[in-house]
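Okay, let's talk aromatic rings today. Have a look at the model while I get going.

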Amino acid sequence: MLVETKKKYGFLMLILANMIWGGNFVIGRIGVDYFPPLLFSLMRWIIAFLLLTPFMVKQLKKDWNIIWQHKRILLLLAVTGVAGYNTIIYFALQYTTSINASVVNSTTPLFIAILAIFILREKLLARQAAGILLSVFGILYIISKGSIEMFLSWKINAGDLYVLAAVIMWALYSVIGKKYSDVLPVLSAFYASSFLGILLLAPLSLIEYFVMEEEPVFSLTSAGILLYVGFLASIMAFLSWNFGVFLIGAAKAGVFLNLLPVFAIIFALCFTDEKLYLYQLIGGGIVILGVVISSAKTLRFKNQFQENKFSA
């Protein structure tokens, strides 16, 4: 009975995490109307960092020697996962829909598998190769809107390509995290990389402000957006995912990531003027099928660090 109860709580935590991450794409799409991408990403991580600080100071002191020894790795994690991924996603959402972005983003496990082959020297299994090819076809179907003519004429939404670039950044972040997962403490590494990400984003956002001359819009709505991305998407979803993985195991938890685009689609249809098109349904279905085929009994990360989407 206790085991079943733990599983139920685990499933609920995993669903909650993906619900928040799915909503993050919709909130991000709305948020870029209030903030330029670099400033948006900077404020997100400042909020997350400040909220985490009272709980992390003691733990960081305990892990400081390990953190300092791997400062270059943490900097790389900050560049790829904190600053890179989020900023590119917010930039992409200026040009594409949250539905497209969330579906394209669901190919993350495939790019992780590809990079793991080159960086971690993992073997490419036949199932993985088939899943990767199938999902690539699904992505091409989505970004070309199901039109061969559009694909051949390269009339493709640049925002979808930016999402792909963000996915590659996240995949690199995840593979690096996997490589050092037995060394770096999860929470302290997350906290430290968030701080480094802020240091990277601060001067870049100033340049963005003077070059683009875009004024941020501060209101109750924009404050709510920042609270969502800074607390719910950055901290609450992260903790929910970790707790869910702990209760039911990483291998079983992986399939729940396919819920992210589902929630994103639901929220986009409910709270924005976006519409769901047949090509998105078909392409999204192909992508998810490819991910399921590729991930089955192959992408088993050893602990939460590389399974987590710290900054979805």
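Start with Tyr173: this one is buried, at a relative accessible area of 2%. By buried I mean under 20% relative accessible area, with exposed over 50% and partly exposed in between, using a 1.4 Å probe and protein chains only. Quick housekeeping: this is a predicted model, so local features need pLDDT of at least 70, side-chain atom pairs count only at pLDDT 80 or more, and totals for chains, interfaces and linings use all residues. Residues are numbered from 1 along each chain as its sequence is written, and side-chain values use heavy atoms, with hydrogens and water left out.

Now, the pairs. Rings of Phe, Tyr and Trp (its six-membered ring) pair if their centres lie within 6.5 Å; planes under 30 degrees apart are stacked, over 60 edge-to-face, and the rest tilted. That rule gives us 19 aromatic pairs.

Take Phe49 and Tyr191: ring centres 4.6 Å apart, planes at 10°, so they're stacked. Phe49 sits in helix α2 (residues 37–69) and Tyr191 in helix α9 (residues 186–212), so this pair links distant parts of the chain, 142 residues apart. Helices here are DSSP runs of H or I, at least four residues, and they're numbered from the N terminus. Both Phe49 and Tyr191 are buried.

Back to Tyr173, then. Its ring pairs with Trp170, centres 4.5 Å apart and planes at 35°, so we call that tilted.

Definitions and conventions
Helix = DSSP H or I, 4+ residues; strand = E, 2+ residues; numbered from the N terminus.
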